[in-house]
Structures are given as structure tokens and as C-alpha cells.
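Dear colleague,

Please find the structure below, together with an account of what was found in it. I would be grateful if you would read the two side by side.

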Amino acid sequence: MIRETGSPVKLVLFDIDGTLLTASGAGKRALDQALRDVYGTSGPIDGYDFRGGTDPQIIRDLLGRAGMGEPALAAGAAAAYRRSGALLASEIGDGQRVSVYPGVRALVETLAARDDVVVGLLTGNIEAGARIKLRPTGLWPHFRLGAYGSDDADRTRLPQVAAGRAEQLVGRVFRGPDTVIIGDTPRDIGCARAFGATAIAVATGWHSVEDLTAHRPDHVFVDLSDEAAALAAMLGR
């Protein structure tokens with residue numbers, strides 16, 4: 001339950017891949033095989049830039065570049081997601097290939113224990129994929145809500161989805177200034193900007209501090225191991 005504390009309540013939304021954890025390429029391998037199984041091709045997947053994309057956008061791009069039209073893509077979508085989820089679960093297995101980045105566990109646990117924070121996910125993964133990746137880390141129960149690629153292929157629309165779910169959960173309206181988005185790519189920064197949220201970039205994924213700084217986030221961290229600094233950036237107090 002969110003209690004009135006005298007300070008504004010924050011909605012803090014984390015990306016998954018490259019921000020919270022690495023699954024050692026399991027997602028790409030599962031998607032590659034799923035698309036081959038369902039559509040007969042995974043398109044130009046080896047040269048495709050996955051960073052910050054949503055699963056539906058990635059699939060549409062790959063198959064579109066392979067010459068597939070929208071009707072054929074739509075006809076196989078449900079089967080592709082089911083197959084990808086099954087393959088991802090097999091890839092993840094007992095979680096030995098999943099590694100949580102420095103500082104993440106302690107930071108998420110600290111935020112989840114606060115009365116003035118609602119902790120959630122904002123990720124391009126479909127919801128099932130997010131759950132599969134996070135389950136072996138033990139972090140899944142700390143996220144009270146999520147906005148996923150399965151909600152909208154356009155990442156910039158996901159903050160509004162998350163804000164709506166947070167409002168339903170705690171009975172408060174969350175707007176841009178009440179929201180913090182943490183991610184490892186320029187697309188995460190752009191997503192935060194589109195909603196007027198605080199943009200926090202972390203260089204644990206595939207972009208350096210210098211790359212991320214060029215996109216003008218509000219804060220940039222090498223990783224999230226400095227909990228005090230991360231909390232100050234997120235909560236502004």
C-alpha cells in the first residue's frame with residue numbers, strides 16, 4: 001500500500017536486457033529458431049540491431065526485410081510467440097546463463113520496500129519473455145506492474161501503459177514528472193523523453209557512457225552499484 005509520506009510518489013520503471021541482467025543471447029537464439037519454425041525464415045537476424053527494440057517491432061522488421069507481407073506475418077504471430085516462449089524457457093533453464101548486473105538486486109529490493117515508490121518494468125520483451133528471464137533471479141515479485149512489447153510495438157507508448165496500470169494499482173495519477181525510466185540504450189532515453197519522464201541511462205548493455213551521454217539523459221551511470229547515487233538520481237531527494 002502506498003502511504004502519504006509528504007514526498008511525491010515515484011513510478012520507477014526498469015528495462016530488462018542490458019539494464020537488469022544479461023541472458024547471454026538466449027532471447028535472440030529463441031527468436032531465431034521460433035521464426036524459422038513458424039515462418040520458415042528469421043530474415044537478416046545476424047545483422048539486425050536488437051538494442052532497445054520491442055519484440056513485435058523486431059519480428060516485423062526481420063520478416064519485412066525477408067519480403068513477408070503483413071497478412072502472413074499476422075497469421076503466424078500467435079504461434080511464433082508461443083514457440084519463442086517455449087524455446088526461451090528451455091534456453092534459460094535453471095538460470096545459470098542469466099547474470100544480474102552489479103548493484104541491481106540491492107537497488108530493486110530497496111526501492112520495492114519504500115512506501116513512496118512503485119517499481120515496475122518497461123521492456124520490449126513480451127510479458128511471458130520478461131517473466132521467464134526474471135524468474136530465476138528472484139527479482140520478478142518486486143515488480144508490481146509492467147509495460148511490455150506485447151502491449152504496444154512502439155516503445156514510446158509504453159510509459160503511458162505503465163502509468164495507467166500504476167494508477168489502477170494505487171489510485172494515483174502518474175505523469176511524466178512522477179516517472180523515472182532506467183535503460184541501457186538511446187531508445188530508452190527517447191522513450192522517457194516522449195513521456196516527460198526522468199531518463200536514467202546505464203552502460204551495462206551495449207552502449208558506452210559516452211554513447212549514452214550524447215543522447216542527453218538526465219543521469220548516466222557505468223552500472224547501478226552506487227545505490228546512494230542511483231537513489232538520489234531516481235528520487236531527486
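Which residue of strand 6 is the bridge partner of Phe 14? The partner is Ile 182.

Before the further findings, a note on the basis. This is a predicted model, in which local features need pLDDT of at least 70 and side-chain atom pairs count only at pLDDT 80 or more, while totals for chains, interfaces and linings use all residues. Residues are numbered from 1 along each chain as its sequence is written, and side-chain values use heavy atoms, with hydrogens and water left out.

**The sheet**

Six strands form an open sheet in the order 5-4-1-6-7-8, with parallel pairing. Strands here are DSSP runs of E with at least two residues, helices are runs of H or I with at least four residues, and both are numbered from the N terminus; two strands pair if DSSP finds at least two bridges between them. Strand 5 and strand 8 (219-221) stand at the edges with a single partner strand each, so one side of each has no neighbour in the sheet. On average, neighbouring strands of this sheet are turned by 25° against each other, direction ignored.

Strand 1 (residues 10-14) is joined to strand 4 by five bridges, and Val 12 has Val 119 in strand 4 as its bridge partner. Strand 1 also pairs with strand 6 (residues 179-183), in the parallel sense, over four bridges.

**Strand 4**

All six residues of strand 4 (residues 117-122) are buried (under 20% relative accessible area, with exposed meaning over 50% and partly exposed in between; 1.4 Å probe, protein chains only). The strand is therefore largely enclosed by the rest of the structure. Val 117, Val 119 and Leu 121 cover one side, and Val 118, Gly 120 and Leu 122 the other. Three bridges join strand 4 to strand 5 (residues 145-147), in parallel, and Leu 122 stands opposite Ala 147.

**Helix 1**

Helix 1 (residues 26-39) contains Asp 32. Asp 32 counts as buried because its relative accessibility is 18%. Beyond its neighbours within four places in sequence, Asp 32 is in contact (heavy atoms within 4.5 Å) with Ser 42 and Ile 45.

Residues of helix 1, including Ala 30 and Leu 31, meet residues of helix 3 (residues 70-92), among them Ala 80 and Leu 87.

Yours sincerely

Terms used: Axes fitted to C-alpha atoms, helices over the stretch in contact; angles between N-to-C directions.
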